[in-house]
Amino acid sequence: MSRIGRKPIVIPAGVEVTVNGHNVTVKGPKGTLNSNIHPLMNVTVENGEVLVTRPNDEKQARSLHGLTRTNISNMVEGVVNGFEKKLEVQGVGYRVAKQGKSLVMNLGFSHQVIVDENDDIKIEAPDANTIIIKGIDKQKVGQFAAEVREKRPPEPYKGKGIRYAGEHIIRKEGKAGKGK
């Protein structure tokens with residue numbers, strides 16, 4: 001039995017979880033999230049807890065058990081606290097600034113790269129080298145952060161580019177160090 005799948009999800013105060021067939025809705029102080037779960041999984045709300053069970057021990061049911069529980073747990077966490085990803089911009093002349101609802105990035109191209117925030121995602125740029133992406137849906141926050149990082153991923157020789165906070169970039173030596 002999946003250890004993660006067996007753990008009940010405690011519903012905090014101010015959060016409402018409703019299950020309608022294979023649709024789970026989580027409503028909280030920061031917003032509302034909906035998710036369709038796989039028909040193999042059974043989700044019930046009892047005594048202020050959400051329980052995820054599986055009908056049998058087939059491979060697909062076992063693999064979906066922990067995943068479904070974690071996804072619902074992330075929905076509860078998102079409507080209570082929200083999620084955020086922090087990105088760092090490194091490189092001479094590389095900088096970011098927030099203009100209205102847009103993030104304007106100077107990344108060494110001949111033009112500025114502009115990314116707009118949407119309904120689910122909020123962008124902050126506290127200084128010229130930091131980007132903070134916030135939202136209530138963990139998957140959307142991670143995807144948006146990956147798309148912003150994709151505009152100029154860190155390169156292996158000087159490490160210039162956009163990286164996640166705390167990300168370690170494996171560096172290569174240039175051709176000058178090759179013959180030694």
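1. The residue to begin with is E117, which sits in the loop that links β10 (113-116) to β11 (121-124). In this predicted model, E117 has a relative accessibility of 14% and therefore counts as buried, the cut-off being under 20%.

2. The surroundings of E117 can be given atom by atom. Its side chain makes a polar contact with the side chain of K98 at 3.2 Å, and the side chain of E117 also reaches the backbone nitrogen of I123 at 2.9 Å. Once neighbours within four places in sequence are set aside, the residues in contact with E117 are K98, K101, K122 and I123.

3. Strand β9 (residues 102-106) deserves a separate comment: five of its five residues are buried, so the strand is largely enclosed by the rest of the structure. S102, V104 and N106 point one way from β9, whereas L103 and M105 point the other way, and all of them are buried.

4. On the pairing of β9 with strand β8 (residues 95-99), the two strands are antiparallel and share five bridges, with A97 having V104 of β9 as its bridge partner. β8 and β9 form a hairpin with two residues between them, and G100 in the turn has a positive phi of about 65 degrees.

5. β9 also pairs with β10, again in the antiparallel sense, through four bridges, and here the bridge partner of M105 is V113 in β10. The hairpin of β9 and β10 has six residues between the strands, and G108 takes a positive phi near 85 degrees in it.

6. Elsewhere, three strands make up an open sheet in the order β2-β3-β4, with antiparallel pairing. Because β2 (16-20) and β4 (31-36) stand at the edges, each with a single partner strand, one side of each is left without a neighbour in the sheet. The twist from one strand to the next averages 15 degrees.

7. Within that sheet, β2 and strand β3 (residues 23-28) are joined in the antiparallel sense by five bridges, and T18 has T25 in β3 as its bridge partner. Helix α2 (residues 59-80) packs on the sheet and touches β2, β3 and β4, its direction making about 20 degrees with that of β3.

8. As for aromatic rings, a search of the whole structure finds zero aromatic pairs. Charged side chains do lie over ring faces, however: K85 lies over the face of Y164, at 5.3 Å from the ring centre, and R152 lies over the face of F109, at 4.3 Å from the ring centre.

Notes: Residues numbered from 1 in each chain as written. Predicted model: local features only at pLDDT ≥ 70, side-chain atom pairs only at ≥ 80, totals over all residues. Heavy atoms only, no water. Pairing = 2+ DSSP bridges. Axes fitted to C-alpha atoms, helices over the stretch in contact; angles between N-to-C directions. Contact = heavy atoms within 4.5 Å. Buried < 20%, exposed > 50% of the residue type's maximum accessible area, 1.4 Å probe, protein only. Polar contact = N/O pair within 3.5 Å; in protein donor to acceptor, adjacent residues only side chain to side chain. Phe/Tyr/Trp six-rings, centres within 6.5 Å; stacked < 30°, edge-to-face > 60°. Lys NZ or Arg CZ within 6 Å of the ring centre and 35° of its normal.
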